[in-house]
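A short report with one table is wanted.

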Amino acid sequence: MASPAASSAVLVVVLVASLAAGGANAATFTITNRCSFTVWPAATPVGGGVQLNPGQTWTINVPAGTSSGRVWGRTGCSFNGAGRGSCATGDCGGALSCSLSGRPPMTLAEFTLGAGGSQDFYDLSVIDGYNVAMSFSCSSGVGLTCRDSRCPDAYLFPSDNSKTHACRGNSNYQVVFCP
């Protein structure tokens, strides 16, 4: 029978290994509104949505293995105390906290975490239209910026397949409205 000290050491090693494996490719997204107007960012499949007044920041933690993730800014929104309402752009079924993608037009930051093991992939897209200037960057990759509907850093049409960028896993991301 193992001694209590040996059992404790094994438990600590197993616990640390489990935490390290569970945290692989997890990411923190910091979303900042630098616009002169309020933006209601939304995120799927994790995050939901909030109201960001000028200068405010929202942080979400996105688990490893998240695929087809999206962050977008909604504009011209009005919500009641129960989180029901509507937005002029990017509306997601009248909900403040989105569980489905928004209605065009909307500038999109798209991501997949942990694809291929140790890499994340990310891009900007205006295929669904353009509604607010946005930059999107990862801590170990290139920064992307879209200030109009024809921005060179974004996917412009469905067959445009040259705008996805790779990022080392366990990176942190920045989304900035009106960079």
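## Strand pairing and burial

In β8, the residue that bridges to W72 is L108, where strands are DSSP runs of E with at least two residues and helices are runs of H or I with at least four residues, numbered from the N terminus. This is a predicted model, in which local features need pLDDT of at least 70, side-chain atom pairs count only at pLDDT 80 or more, and totals for chains, interfaces and linings use all residues. Residues are numbered from 1 along each chain as its sequence is written, and side-chain values use heavy atoms, with hydrogens and water left out.

W72 lies in β5 and is also the bridge partner of A42. The pairings below rest on DSSP finding at least two bridges between two strands.

| Strand pair | Sense | Bridges |
|---|---|---|
| β2 (residues 40-44) and β5 | antiparallel | five bridges |
| β5 and β8 (residues 108-115) | antiparallel | four bridges |
| β10 (residues 134-138) and β11 | antiparallel | three bridges |

Strand β5 (residues 69-74) is largely enclosed by the rest of the structure, because six of its six residues are buried, buried meaning under 20% relative accessible area with a 1.4 Å probe, protein chains only. Both of its faces are covered, with G69, V71 and G73 buried on one side and R70, W72 and R74 buried on the other.

An open sheet of five strands with mixed pairing runs in the order β4-β1-β14-β10-β11; its edge strands, β4 (57-62) and β11 (144-146), each pair on one side only. Within β11, L144 is the bridge partner of F136.

Methods:
Buried < 20%, exposed > 50% of the residue type's maximum accessible area, 1.4 Å probe, protein only.
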